[in-house]
Amino acid sequence: MRSYLDFEKPIAELESKVEELREVAQRDGGVSISEEVTKLEQKADQALRELYAGLTPWQKTLVARHPGRPHTLDYIGQLIEDFTPLAGDRVFGEDEAIVGGFGRFRGESVCIMGHERGDTTETRIRHNFGMARPEGYRKAVRLMETAERFDIPVISLVDTAGAYPGIGAEERGQAEAIARSTDKSLSLGVPNVAVIIGEGGSGGAIAIATANKVLMLEHAIYSVISPEGAASILWRDTTKAQEAATNMKITAQDLLRFGVIDQMVQEPVGGAHRDPDLAVSRVGDAIAQSLQGFRGLAPEEIRRLRRDKFLAIGRAI
């Protein structure tokens, strides 16, 4: 059953009417209402297109958090062949908030990793809602080091509200682990491509998103803090999250204009959750195109291009 966001209620009503008419047609086999159904479907489709063409930053935030959006394991399942997962950081333990391993992407060996939120109550708890602990980021470093050793490009999929803020995580060196992961992303001698597929929050996202190419889905968000967190700090009032979202410039459109990301990947009409397979396919095409530009480059050239990219952000702004 499709899940609707609050601002999608007009669409929900139209699509509900379409389903009711279809049920009537099935129940009363002799009644032909195909023309009415077609007209209503067209009206619903047009309304959906108009709605999603003018989403506010807060509405995009809600879409980015939609539970039906494809997650990292969905991308791996559709894009990666012969996937072999790796677990553990060889220091403390395993953190399933970040999943990763090696496989083949369109015939080429790649290292792929990303935040996994889970899609059921059980899996969300197991993956800690995509909020990684220090061992998750140390595992990411381990994966990147292995990829560099064997000259394999790295793909990172970002979808997290932020790193886990628990006491245990802080005691085990959360900030240091994020810093080391960010540093490793910056110093890789192989190309890396990061894709913000949902919510890119805080250092927990930056730790694996500091890449040669940073792509972002059309209705994803990417920010140093959540709108709720910003509202709490600035106004001590989380009900002002919508205002914070508007002023923080967290959308793909804003970040592309500022040069923070390199490409915006168009989502299916109504968001990635409406057609996950198409969304994953488009991301795959964008990743392939990005990696193509680094073929044959020496490690020092790859590092230089990455360094210049991030230095240019500050200089331009």
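Not counting residues up to four places away in sequence, Lys-139 touches Leu-86, Ala-87, Gly-88, Asp-89, Glu-94, Asp-95, Ile-98 and Val-99, a contact being defined by heavy atoms within 4.5 Å. Lys-139 belongs to helix 6 (residues 134–149), and its relative accessible area of 1% makes it buried (buried, under 20% relative accessible area; exposed, over 50%; partly exposed, in between; 1.4 Å probe, protein chains only). Helices (H or I, at least four residues) and strands (E, at least two) are DSSP runs, numbered from the N terminus.

The model is predicted, with local features requiring pLDDT of at least 70 and side-chain atom pairs pLDDT 80 or more, whereas totals for chains, interfaces and linings use all residues. Residues are numbered from 1 along each chain as its sequence is written, and side-chain values use heavy atoms, leaving out hydrogens and water.

The salt bridges, in which a side-chain nitrogen of Lys or Arg lies within 4 Å of a carboxyl oxygen of Asp or Glu, number 21. One of them joins the side chains of Arg-69 and Glu-267 at 2.9 Å, N to O. Arg-69 lies in the loop between helix 3 (57–64) and helix 4 (72–79) and Glu-267 in the loop between strand 8 (263–265) and helix 13 (276–292), so that the pair ties together parts 198 residues apart in sequence. Arg-69 is buried at 3% relative accessibility, and Glu-267 is buried at 2%.

In helix 14 (residues 299–316), Arg-304 and Glu-301 lie three residues apart, about one turn of the helix, and form a salt bridge whose closest N and O atoms are 2.7 Å apart. Arg-304 is partly exposed at 30% relative accessibility, as is Glu-301 at 28%.
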